[in-house]
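Good morning, and thank you for making the time.

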Amino acid sequence: MSEKQWPPTDHHLVRAGAAPGPHRIAVLALPGVPPFELGIPSRVFGAVLATDGSPLYEVTVCTADGAPVLSDAGFTVQPAAGPEALAAADTVIVPPTHAMPELGRGGPLPPEVTAAIAGIRPGTRLVSICTGSYVLAAAGLLDGRPATTHWNLAPEFRRAYPRVKVDEEVLFMDDGDVLTSAGVAAGVDLCLHMIRRDHGAAAANRAARMCVVPPWRDGGQAQYIDRPVPEPTVATTTATRAWALEHLGEPLSLNRLAEHARMSLRSFTRRFRDEVGMTPVQWLTAQRLELAKQLLETTDLSIDLVAHRSGFGSANSLRAHMRATFGVSPATYRRTFSPSDSASLSL
């Protein structure tokens, strides 16, 4: 699996009441930073507000020495702070840089970057987007840990940092206090995953709606590696997936899904894996777990009814799946993220 089992350690649980004030995020802008990836944390985390309208995250863009940096789009980024923001942060996010080719050969970080990273407090959550993983790896922070990066650069990354357990087949990797994402839009997926981990599925869904992006793509979903778009005449599973989401509480066998898609079972299974990066059974289980989490957070339905409506059939089945995937029971999840405990999830 690509995701560390839930729940996070206590110092990363930032739902309302866990700690005074918003969770502080420092985004380290390095020379050659792509503007899109640099802006992801501010946009996504900035969409999460408490019921009184106050932000649950405080995002600060900083540089290693406080000086402006040139982005890869040709304009200068004026930071709000210097390395002191890294030292004060609860979470540090490192977007990619296209101006440090030496990192692709396993070379050292610039002295000012090394010094800035050395000032990060122990226990701070560390996050990279795309090739920001090179920076964490060069600092020795990924040694012996699972991580991902852009699929196209994975062979180079593996050669440069052999101590890192790189997996280029996933959208993001959650190893508890260190999280890494694949390229570009996978950074959005990772930020939404962090919101979900911190505040629950309902908060992440609201943030996704504000940003007009899909609310959830599983971290284990494959990156889009040399996967051509089907010709218009080629049947796809898109309509069947949309239909299945409306019928998660019903028995959904492979045969029934294939019949809806008007494909043979073999063709449907192959096409589904090509399009989604996982089997239909894996996808269905993930979607049902997502629905169960939302019901646990936003309703007072019994565990039996939650299990029934999300398609697990019985409370025992739901408990087994939640323990296997998240490491907690439905009741524990509800106590953590129910509205009464986390009066923080309204936009």
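Let me begin with the contacts. Of the contacts in the chain with a separation of 6 or more, 68% are between residues 24 or more positions apart, a contact being heavy atoms within 4.5 Å. Before going further, I note that this is a predicted model, in which local features need pLDDT of at least 70 and side-chain atom pairs count only at pLDDT 80 or more, while totals for chains, interfaces and linings use all residues. Residues are numbered from 1 along each chain as its sequence is written, and side-chain values use heavy atoms, with hydrogens and water left out.

The chain has 14 helices and ten strands; these are DSSP runs numbered from the N terminus, helices being H or I with at least four residues and strands E with at least two. Of its 347 residues, 52% count as buried. Here buried means under 20% relative accessible area, exposed means over 50%, and partly exposed lies in between, with a 1.4 Å probe and protein chains only. The accessible surface of the chain comes to about 15400 Å², and 55% of it belongs to carbon and sulfur atoms. These areas come from the Shrake-Rupley method with a 1.4 Å probe, and for residues only the protein chains shown count as cover.

I turn now to the aromatic side chains. Rings of Phe, Tyr and Trp (its six-membered ring) pair if their centres lie within 6.5 Å; planes under 30 degrees apart count as stacked, over 60 as edge-to-face, and the rest as tilted. By this rule the count comes to six aromatic pairs. Why is the pair of Phe 157 and Tyr 161 called tilted? The ring centres are 5.3 Å apart and the planes stand at 50°, so the pair falls in the tilted class. Phe 157 is buried, at 0% relative accessibility, and Tyr 161 is buried as well, with a relative accessible area of 7%. Together with Tyr 134, these two residues form one aromatic cluster.

A second pair, Phe 272 and Trp 283, is edge-to-face, with 5.6 Å from centre to centre and 70° between the planes. Phe 272 belongs to helix α10 (residues 265-276) and Trp 283 to helix α11 (residues 280-298), so this pair ties together parts that are eleven residues apart in sequence. Phe 272 is buried, with a relative accessible area of 2%, and Trp 283 is buried, at 9%.

Next, the salt bridges, each defined as a side-chain nitrogen of Lys or Arg within 4 Å of a carboxyl oxygen of Asp or Glu. By this rule the count comes to twelve salt bridges. In one of them, the side chains of Asp 198 and Arg 125 meet at 2.9 Å, N to O. This pair links distant parts of the chain, with Asp 198 in helix α6 (residues 186-199) and Arg 125 in strand β6 (residues 125-128), 73 residues apart. Are these two residues, Asp 198 and Arg 125, buried or exposed? Both are buried.

Arg 197 forms a salt bridge with Asp 174, the closest N and O atoms again standing 2.9 Å apart. Here too distant parts of the chain are linked: Arg 197 lies in helix α6 and Asp 174 in strand β9 (residues 172-174), 23 residues apart. Arg 197 counts as buried at 6% relative accessibility, and Asp 174 is buried with a relative accessible area of 3%.

Within helix α11, Lys 293 and Glu 290 lie three residues apart, about one turn of the helix. They form a salt bridge whose closest N and O atoms are 3.6 Å apart, and both residues are buried. Elsewhere, Arg 24, Asp 90 and Arg 121 are linked in a network of salt bridges.

Asp 300 lies between α11 and α12 (303-309) and is exposed, with a relative accessible area of 72%. Its C-alpha atom is separated by 9.2 Å from that of Arg 334, 34 residues apart along the chain.
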